[in-house]
Amino acid sequence: MLEQMGKAAKAASYKLALLSSREKNRVLEKIADYLEAQTAEILLANEQDVQEARANGLSEALLDRLALNPARLKAIADDVRQVCKLADPVGQVIDGGLLDSGLRIERRRVPLGVIGVIYEARPNVTVDVASLCLKTGNAAILRGGKETWRTNAATVKVIQQALEECGLPAGAVQAIESPDRALVNEMLRMDKYIDMLIPRGGAGLHKLCREQSTIPVITGGIGVCHIFVDESAEFAPALKIIVNAKTQRPSTCNTVETLLVHQGIADVFLPALSQQMAESGVTLHADAQSLNMLQSGPAAVVPVKAEEYDNEFLSLDLNVKMVADLDDAIAHIRAHGTQHSDAILTRTLRNADRFVNEVDSSAVYVNASTRFTDGGQFGLGAEVAVSTQKLHARGPMGLEALTTYKWIGFGDDTIRA
């Protein structure tokens, strides 16, 4: 089955690579229209997925990621329309010039070819990835989690209908609907057909892909994110940022999971934090030093477990640890971070500069929430994933990250001397 999907995707990729921006946008506009026109069918499939997932004990955080409603589906359709408005990177000349040999050389952006994406309970990813791949002339093979197979099937049916009505092969966007995990292992070895693989899920999925894939893998999306409050931070804006980073949408990978507080301000800052977290419904997981100062406050607080420093809670839970200084904070982030998003709250320029230079994450913030690590927020228009590695893309992956380039040489019967 996957062999045939791979062949169809590869054949489709050659056709997609030749499309103009206008032709690609026409497909995307039709997809957006059909998503809205077939809302009832998609939501019915999603309701069945949610019911089954709840019965199987899926966590509330993952249920939130899985669930669709009319507003969310309309937002997904609007996101597709937004992709239409983005500049098409394909065909862009990155650089070049005339060489001494007389050869005129240029480096031009081209599609990657076929992109494989493995993800969990995120039905919006199906449409997001499909639209970004189509905009950049790439075919896509999608493997969503078993919790979303009905929703994914319904949305891919809409996408394929739009493709065929525009005279393009349905094989440009395909989904593996079977929940059989053996198919994931088979997909990881489809290097003959798939040019890049993006896993979007938990640490186990990323580990599997890194160890078993024969296809280049872009890993990321696991966010053990930190905020360090140094001794010069102003409390009111700092607390506002922390609340936003923890509660704006707790189930996302750019949510803060560990708060590091300078010991010099802890006796005043932690009681204020407790009050704010109580109002926000956040449970604090505190180290021994912080626990002593937080137990008398209104927020729910429990002793932190060592392994929780490596947890992506994806819920209204927050680790709190007291640190001696900036060096101590940086050391903790290096030991427990996932190179996703980390922030410092400070009024000291030297500390800000050191944090930016010494914290090796894909996104580093000064006096801002970690929740900004997002393609739309970064002005990329959209994202296919957040990469926490250094090759071939890092941070939110927009359209350019779904392209590669080729060198093109123009001669006038030019030969090498």
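**Note on the predicted model: cavity, pocket, helix packing and backbone**

1. The largest cavity has a volume of about 40 Å³. This is a predicted model, so read every value below as computed from it. The count of cavities of 30 Å³ or more comes to 1. Its lining is made of G144, G145, W149, N152, A175, I176 and E177. By class, that lining divides into 3 nonpolar, 3 polar and 1 charged. Note W149 and N152 in the cavity lining. Helix α7 covers residues 149–165, and α7 returns in point 4 for its packing against α2.

2. Next, the second largest pocket. Its volume is about 360 Å³. The pocket is lined by 19 residues, and R109, L399, E400, A401 and T403 are the closest to its centre. Which strands each supply at least two residues of this lining? They are β2 (104–111) and β16 (403–410). The largest share comes from β16, with 3 residues. The lining divides into 10 nonpolar, 5 polar and 4 charged residues.

3. Now the helix pairs, starting with α5 and α6. Helix α5 spans residues 70–85 and helix α6 spans residues 123–135. They pack at an angle of about 15°, and their axes are 10 Å apart. Angles under 35 degrees count as roughly parallel, and α5 and α6 are therefore roughly parallel to each other. The crossing of α5 past α6 is right-handed. On the α5 side, I76, V80, V83 and C84 make the contact. On the α6 side, the residues are N124, V127, S131, L132 and K135. The contact of α5 with α6 has 6 nonpolar, 2 polar and 1 charged residues.

4. Helix α2 (residues 21–37) packs against helix α7 (residues 149–165) at an angle of about 140°. Their axes lie 9 Å apart. Why is this pair called oblique rather than roughly antiparallel? Roughly antiparallel needs an angle over 145 degrees, and α2 and α7, at about 140°, are therefore oblique to each other. The crossing of α2 past α7 is right-handed. From α2, the contact takes R26, V27, K30, I31, Y34 and L35. From α7, it takes T155, V158, I159, Q161, A162, L163 and E165. By class, the contact of α2 with α7 has 8 nonpolar, 2 polar and 3 charged residues.

5. Helix α2 also meets helix α3 (residues 39–55). What is the angle between the axes of α2 and α3? They cross at roughly 70° and come within 5 Å. The range from 65 to 115 degrees counts as roughly perpendicular, and α2 and α3 are therefore roughly perpendicular to each other. The contact uses L35, E36 and A37 of α2. From α3 come T39, E41 and I42. This contact has 3 nonpolar, 1 polar and 2 charged residues. L35 of α2 is listed in the contact with α3, and L35 is also listed in the contact with α7.

6. Two backbone points deserve a look. Most residues other than glycine have a negative phi, and most peptide bonds are trans. Where does a cis peptide bond occur? It joins L391 and H392, with omega about -5°. H392 sits in the loop between β14 (386–387) and β15 (395–396).

7. L314 is placed in the loop between β10 (301–303) and β11 (317–323).

Key: Residues numbered from 1 in each chain as written. Predicted model: local features only at pLDDT ≥ 70, side-chain atom pairs only at ≥ 80, totals over all residues. Heavy atoms only, no water. 1 Å grid on protein atoms, 1.4 Å probe; cavity = no way out; pocket = protein on both sides within 12 Å on 5 of 7 lines; lining within 4 Å. Points joined across faces, edges and corners; volume = space filled by probe spheres on them. Helix = DSSP H or I, 4+ residues; strand = E, 2+ residues; numbered from the N terminus. Nonpolar A, V, L, I, M, F, W, Y, C, P; charged D, E, K, R; others polar. Axes fitted to C-alpha atoms, helices over the stretch in contact; angles between N-to-C directions. Left-handed = near helix turned anticlockwise from the far one by under 90°. Contact = heavy atoms within 4.5 Å.
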